[in-house]
Amino acid sequence: MTWFYDPRRSYEDNYAHGPFGSLAADAGDVPGPPADASFLGHRVVRPFGIPAGPLVNAAFAAAAFRHGFDVNVYKTVRTRAWPSHPFPNALAVHVDGDLAAGRPEPLLADADLDDATSISNSFGVPSRDPDAWQPDMAAAVAAAGPGQLLVGSFQGTHPPAGTADREAAYVADHVAAARLVAETGAPVLEMNLSCPNEGTGALLCFDAPQVARIAAAVKDAVGDVPLLLKLAYFGDDASLARLVDATAGIVDGYAAVNTLPARLVDRDGRPALPGEGRETAGVCGDAIRWAGLEMTARLARLRERDGRGFAIVGVGGVLTSTHYRAYRAAGADAVMSATGAMIDAGLGAAVRAVPA
């Protein structure tokens with residue numbers, strides 16, 4: 001089996017030569033119902049696509065659009081060039097059933113990817129310099145057909161030690177990244193709060209006051225362009241409610257979840273991924289679907305509680321059109337699949353064949 005982002009190749013090899021597999025082939029006759037759904041004010045064929053991660057450049061995004069993935073997110077970018085973690089990045093993760101949040105026991109991870117439905121996600125949020133990614137993201141925006149939508153994902157980068165007023169500089173870097181993405185013509189922005197920055201374990205999404213400060217500054221800069229916040233899994237309702245209460249009047253929606261962290265080892269019990277700080281990595285795919293569905297339902301309850309109008313993007317473990325329908329039933333306005341789409345380039349067409 002050849003995945004369209006091939007985990008047996010390095011990130012740079014994928015970027016230069018991908019996509020691979022059937023996504024690189026002629027899409028053939030993808031069912032084309034009318035754009036009878038809506039997402040953040042845009043008519044779409046189906047509110048379904050691929051989240052930030054596998055679509056590393058315009059070639060990947062254009063292929064995804066051709067194959068019937070209608071709402072796609074360009075891989076998270078920064079205001080400066082940033083390298084990927086060393087290869088390998090995506091290993092098969094062997095987990096029996098659901099991956100429990102906060103699981104202390106390690107999981108086996110290896111290169112046996114042929115039948116994998118759960119994988120590691122250990123890239124470190126690589127980015128080209130804006131001089132390279134801005135024109136490429138603009139090309140991805142232009143690749144969207146009628147009833148399709150490109151979302152531009154970005155994140156801030158901590159300034160170097162010794163920078164005067166580092167917190168202000170951190171906010172400013174988010175604003176600068178958002179402006180650069182908006183300049184590409186991306187009709188929707190997504191601020192990634194759910195990936196560890198520079199190898200740290202602290203996720204920005206759990207700091208509600210800081211997220212509110214950054215989101216307010218970003219919205220002041222980008223105006224009416226819709227802004228989504230990409231979230232990790234929240235272990236309790238109170239902390240999620242604090243984030244929503246702090247930001248729902250600022251942003252236009254939330255996407256959840258990214259991954260669940262787990263300690264990954266090889267068959268000899270050694271860290272499965274090379275390099276310092278990679279003993280724990282994000283896991284995505286089938287084993288975390290429960291977490292994405294739970295977060296979707298919890299966000300939907302918070303939306304209903306206060307009569308708010310924010311959008312919800314459900315992500316995690318979507319391998320079939322049935323999973324898409326489950327997320328929609330839980331309250332998602334849009335649904336996205338990374339691992340499932342990488343495995344099955346026909347998933348977009350399969351979702352197009354069911355009611356929006």
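Seven of the nine residues of helix α2 are buried (under 20% relative accessible area, with over 50% exposed and partly exposed in between; 1.4 Å probe, protein chains only), so this helix is largely enclosed by the rest of the structure. The model is predicted: local features need pLDDT of at least 70, side-chain atom pairs count only at pLDDT 80 or more, and totals for chains, interfaces and linings use all residues. Residues are numbered from 1 along each chain as its sequence is written, and side-chain values use heavy atoms, with hydrogens and water left out. Helices (H or I, at least four residues) and strands (E, at least two) are DSSP runs, numbered from the N terminus.

The buried residues of α2 are Ala58, Phe60, Ala61, Ala62, Ala63, Ala64 and Phe65. They pack against α1, β4, α3 (130–143) and β8. Contact here means heavy atoms within 4.5 Å.

Eight strands form an open sheet. Their order is β3-β15-β14-β11-β10-β9-β8-β4, and the pairing is parallel. Two strands pair if DSSP finds at least two bridges between them. At the edges stand β3 (48–49) and β4, each with a single partner strand, so one side of each has no neighbour in the sheet. Helix α2 (residues 58–66) packs on this sheet, touching β4 and β8 (149–154). The direction of α2 makes about 165 degrees with that of β4. Axes are lines fitted to C-alpha atoms, for helices over the stretch in contact, and angles run from 0 to 180 degrees between N-to-C directions. Elsewhere in the sheet, three bridges join β14 (residues 311–315) to β15 (residues 334–336). Val313 stands opposite Ala334 in β15.

A search of the whole structure finds one cavity of 30 Å³ or more. A cavity is a set of points on a 1 Å grid over the protein atoms alone where a 1.4 Å probe fits but cannot get out; lining residues have an atom within 4 Å of a point. Points are joined across faces, edges and corners, and a volume is the space filled by probe spheres set on them. The largest cavity holds about 70 Å³. Its lining includes Tyr11, Tyr15, Val56, Pro126 and Trp133. Elements giving two or more residues to this lining are α1 (11–17) and β4 (71–77). Strand β4 gives the largest share, four residues.

Val211 lies in helix α5 (residues 208–222). At 0% relative accessibility, Val211 counts as buried. Beyond four places in sequence, Val211 touches Leu193, Leu204, Cys205, Leu229, Leu243 and Thr247.

Technical notes: On a 1 Å grid over the protein atoms alone, a cavity is a set of points where a 1.4 Å probe fits but cannot get out, and a pocket is an open set with protein on both sides within 12 Å along at least five of seven lines; lining residues have an atom within 4 Å of a point.
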